[in-house]
Amino acid sequence: RIQIAREEQHMTQLELAKKIGCTSQHISAIERGAKTPTLETSRAKNAAATGVPNNAEKTALIPLITIK
């Protein structure tokens, strides 16, 4: 789902990685299912990528980082 959301935003893995403060390799691993971010990391990265405050997770956000 992260890949779909990223592509809908017309972003490369590198662009998303720079925006949320990780590497493009990490984004790739998450998209492949090789890594799963923690809930807190996901919320922080969603906030960073969307500009929506971290405490707004109860609102209808498009999840950029999925949690398995």
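This is a predicted model: local features need pLDDT of at least 70, side-chain atom pairs count only at pLDDT 80 or more; totals for chains, interfaces and linings use all residues.
Residues are numbered from 1 along each chain as its sequence is written, and side-chain values use heavy atoms, with hydrogens and water left out.

The chain averages a pLDDT of 74, and 60% of the residues score at least 70. Confidence is highest in helix H3, at a mean of 91, and lowest in helix H4 (residues 39-50), at 67; helices here are DSSP runs (H or I, at least four residues) numbered from the N terminus.

The largest nonpolar core has seven residues, namely Ile2, Met11, Leu16, Ala17, Ile20, Ile27 and Ile30. Such a core is a set of buried Ala, Val, Leu, Ile, Met, Phe, Trp, Tyr and Cys residues joined through side-chain atoms within 4.5 Å, where buried means under 20% relative accessible area (1.4 Å probe, protein chains only). Helix H2 (13-20) and helix H3 (24-32) are the elements that give two or more residues to this core, and H2 supplies the largest share, three residues.

One salt bridge is counted, that is, a side-chain nitrogen of Lys or Arg within 4 Å of a carboxyl oxygen of Asp or Glu. It joins the side chains of Glu31 and Arg6 (2.6 Å, N to O). Because Glu31 lies in helix H3 and Arg6 in helix H1 (residues 2-8), the pair ties together parts that are 25 residues apart in sequence. Glu31 is buried, with a relative accessible area of 19%, and Arg6 is buried as well, at 8%.

Notes: Buried means under 20% relative accessible area, exposed over 50%, partly exposed in between (1.4 Å probe, protein chains only). pLDDT is the predictor's confidence in each residue, from 0 to 100.
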